[in-house]
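Please open the model in your viewer and keep the selection tool at hand. The tour below goes from one stop to the next, saying at each what to select and what is there.

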Amino acid sequence: MGPVFETLERLPSQKDNRFLPPVASLEDGFEARTTGGQGLPYFEFAGDLNKSQSDTREYRLIRLPNGLVAMLVHSADESKACAALDVNVGSLADPPEFQGLAHFCEHLLFMGTKKYPKENDYSEYLSGHGGYSNAYTDLEDTCYYFEVTYDALEGALDRFSQFFIDPLFTADCTEREVRAVDSEHKKNIQSDMWRQYQLEKELSSAAHPFSMFATGNYDTLMGAAKRLGVDLRERLLGFHAQYYSADIMRLVVVGRDPLDQLTEWTVAKFSPILSKGLTKPVFKGHPLTRAETGQLVRFRTVRQQRALDLTFAMPDLKPYYQSKPAQYLGSLLGHEGRGSILAYLKRRGWATGGGGGRAPMSAEGFDTFKITVHLTEPGMAQYEEVVRVVFAYIQLLQARGAQEYFQDELRRISEIEYRFMEKGEAVSLASGLAATMQNRYLPPTHLLSDGVLLTGFDAELVEWVQGFLTPGNVRILLSAHDIAVELLDRKEKYYDIDYRTDPLPAGLMRELEGGGLEHGGGGELQLPEPNAFIPDDLTVKRARVEGAVPAEEPTLLRHGEGMELWFKQDDRFFLPRGNVRVLIETPRAYESPLASVLAQLFTSILKDALAEVTYDADMAGLWFDIREGLDGILVHIDGFNDKLLRLLRLLVEALRTHRVSDTQFEVYSREVHKKLDNARHMEPYSHAQTNTNFLNQSAMWRFADKLEAFEMVTKERLQRFIDGLFEEARVAMLVTGNFGEADALRAADVVTGVLRARALPDYARRLTRSLLHGPGRHMHQAQMPERDNVNSCVDVSVYAGRAADPRERVVLDLVSVVMQEPFFDQLRTKEQLGYIAYSSDRKYNGGQMALRLLVQSEASPLYVGQRIDCFMRAFRARLAEMTQARFEGYVNSLRVGLEEKLKSLYEESSRYWTQITTGRYEFDRTARSLATLATLERADLLAFWDRYANPDSAPGYAALTTAMWSSRIRQPSEAELARFPGPVIALHGCLEHDGVRCLSLDALAALVRDLAAEQPADPCDEDAALERLAAACLAAASSDSSDGADVEAVERALAKIRQPASYVRTALAMARTSWASSSSSSHPLASNGAQTEKEESGANGTAEPEPNGTAEPEPNGTPQPPRGLESIGAVRTPGGVWVFRDAAAFRTTLCQSGAPLPMRRLEPKYTAAEARSAVAAAGAAKGGTTTAAP
């Protein structure tokens, strides 16, 4: 048994802390009510909830008789309904002997209830109604939420509520979900974010539960249960019974239904949850005591990065919701404007960024405040000086006292943001609000505004909190990949992190504690100047007209002379906001890997150079980005429109005139190289997706291509590149929001006037195209570049239809909707192949579409691919057996998704921009899709499947698999792939994964052949076949071992293999079935070696064309069979699959699609001359200048 952590007997009060506000009452202002339908009792808050003036939703706060508090939200135009329930208990409540139990409970809760015992009933219901569910476990919260079509909310709520009333926690699900938790942990092992968080937990006070391992894994859950001789399921039931109490639950329900109906459902369905009279446990002490502060921790990261983190122990800061002192301090200490810490460090080439604020090491009763500085290599060497600069600024703040002018700016910005708040996703509102409602100090009047609004200033409170920013109250973490491992003398248990701890250097501590630190000579460290970007004019140019229908597309104002300008005045949201996107098309930006690197380096330097000026804009609600891409350089600004065009001019001028300094080049050339190098540390699924994209896009430079070109990067070459980048350009521009036509025309003039570029001819444009895959089955194999990652990944693309065909697009969308839940349920939930498993669809611009099926797993990619193949083969039956009612449910799900209302100007602009940049201009795409959807029948799905996705009958079946192999799994050699059936190789890989490496492929193939001949492959003789395999493994181990050690290891491995959920058991059954079968598998990872007549000669008895090949005509014109892919090093398997490693060579065998055709004629409203006249007329009407740029 582990330690027992002490909890507080009573909560702190104003007697303990004079700044502490009173706990909010859940009695005051609540009035007794009964529901209109069943007459059920509840209490409703009768006061004003103070929602935003721009918020069209309606809210009702109620309390059920069992103590559960719920916020009900009526949203009349919401396409999706949702709910979130937050239980005020998290990983801090884990029993020390079962670390990760709260997280495990979150995983298992969804696996059936007494009322709905079917394991996937909930997920199947949600998926069948266009929805999904998710959950997360935090230190003191476990939040569950779902989304569903608006008309299916009641059924979803009924299922959802049962998880908190009568969950099953079946034994079978318990065993499988332990493995899901374990897989989730293993997914995170190479993540520096998770690694640092766990290191901070390990280095916190052992007397506080924060020090425990929150995620959990197989050993801390099932392994612990076995060691203690207890039933894990019983402990889980006990945890749920102890903590899942209605009085510490907060619920949010959002729907289109009236508030009275939402109230009726909520009271009826959630009142049966038991209330145990609990308050959540609040633990004594703090994770950072005097024993943990004053320390310097060095640790090695996985990625190339360097950071300095200063973590200060703080009292709980959540109660101070009115003045938010942590936000005040974070805004100052993380400021990037003139006089800030970061501006000072950047000028010296010591830092590239950073920030400050409350850290994740925070829960009721304790808090931490963290200042982070992202260091350069010279900054790492000068880390003590960086620490001095940080404390010099802290001393400046303490000497000047709390600054009311700065808090007033923060308050004004928050008031503007809240007053003109855009509508967000309903599910984000629900999950965020449910967690917010757990703050016991927040009164009902502040629940909706807490995340945005500042309402007060308390100088004494700010100075009290500042007082905790002292040298004796800090722990410093110094992280880098290139820290010498031999200097690190300790290792963390769960993530295998190398680190060491030392007291802070004595000399540094004396300086910090002595005060009087000065930097910059002439007062270089200063408080921020007044923010000039806070908007003054918040007038909305267009008035709302009752019954008016918003325009569905923008207007083309200009087209020609190197400018394509689209404009739409806001007629939907009526907020003082704008969104401007500018694509400066210049082929030079992506003409080679070197050019791509130079463009990336340029935009990185530029954003850094602008930071001192643009940080204020960001603070004032003006977000911007400048980035490089295939087409050129994109400038994007979103926010309050008052000073948006001023920011646009500033950005474009910087693009055209920037001169790179030596310091900028030295710092950011290292940074860009580091980012490119860090790409090898991506998750396996990200690598697989990148490789799939590379094999489907006409132009794409890989990270390796860019790294190889990096040695040619010099400052002089970069400056020449910048100077010539915009000599020829074409500008595509979209201006939307609270602007007039003249504003858009003037903005276009600013861009063209500053760039001074010659118009890029249409024939020189670099248009996005796709690569076309012909009939055939192909597999790309690659090794994970990161050797320590235990996971592999399989990404399967089955090509299905053309992206330009509106009907095929909608059918593919519908097939994808049908497939998502069963794919996840089978491969993730039932087979536990890995934490990441999903299906989707992909539409390549101007080319093909594909069904995508992806699984990241510890298992052999060959085995995973076979399981995907088995799913695909069984899926046709699901389509064929689908009832009309189920079909109509899926159609309704897709329809509701398509009809979903736009929620923000950003979202509307993104929809238009996609059509502009792809060259389709199909602004009515949603309406066309809805019209097509209304005509579809069940037979259309089956016909589509048989035409494209049925591996047994599709005439032009085309599939591409990209497989990323973990270094922990042996890849089959080319000779093995060419010789052995795929299922046998997959079975061999599963044996090796479980620790049996003594049986050769030859011996295994012979055994499978004998089993297939002797025993029919049915479940009844599965155990007998497995025992034959076990005997063969033991015999092989005995012949190889002289001391019996190998035999003992094999016996231990066979114990795992005999389990019902064993991969080996399933792989053996597949191998026997495939060997006995006369038909060859069609999936690249599932070939069984038995070529059929169809594969040898084609479906109609003639020679089948080789994939991606071109028939060679004889002199008399007779086509001859095309050449294979041996010339690029590919291997053809016995099942007819081409396996290749050289992706670049394979790309050369593929054809390229044509450019997408516009769906309309592009006729501008103005010629260039007419546009100038319109601007002049608008200026004259205002009585202002007609020529000044914005």
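Which residue in β3 does F43 stand opposite? Select the two together and you will find that F43 faces R63 of β3. Their strands, β2 (residues 41-45) and β3 (residues 58-63), run antiparallel and are joined by two bridges; helices (H or I, at least four residues) and strands (E, at least two) are DSSP runs, numbered from the N terminus.

Before going further, note that this is a predicted model, in which local features need pLDDT of at least 70 and side-chain atom pairs count only at pLDDT 80 or more, while totals for chains, interfaces and linings use all residues. Residues are numbered from 1 along each chain as its sequence is written, and side-chain values use heavy atoms, with hydrogens and water left out.

Now widen the selection to the sheet around this pair, an open one of eight strands in the order β1-β2-β3-β4-β8-β5-β7-β6, with mixed pairing (two strands pair if DSSP finds at least two bridges between them). At its edges are β1 (30-34) and β6 (132-137), each of which pairs on one side only, and the twist from one strand to the next averages 20°.

Next, select helix α3 (residues 153-162) and helix α8 (residues 259-270), whose axes come within 9 Å and cross at roughly 25°; axes are lines fitted to C-alpha atoms, for helices over the stretch in contact, and angles run from 0 to 180 degrees between N-to-C directions. This makes α3 roughly parallel to α8, a term used for angles under 35 degrees.

Move on to a second open sheet, of seven strands with mixed pairing, in the order β26-β27-β25-β28-β24-β32-β31. Here β26 (836-843) and β31 (1131-1132) stand at the edges with a single partner strand each, so one side of each is left without a neighbour in the sheet. Within this sheet, β25 (residues 792-802) and β27 (residues 848-857) pair in the antiparallel sense over nine bridges, and V798 stands opposite L851 in β27.

Finally, colour by pLDDT, the predictor's confidence in each residue, from 0 to 100: the protein has a mean of 91, and 94% of its residues reach 70 or more. Over residues 1078-1122, however, the pLDDT is below 50.

Methods. Contact means heavy atoms within 4.5 Å. Angles under 35 degrees count as roughly parallel, over 145 as roughly antiparallel, 65 to 115 as roughly perpendicular and the rest as oblique.
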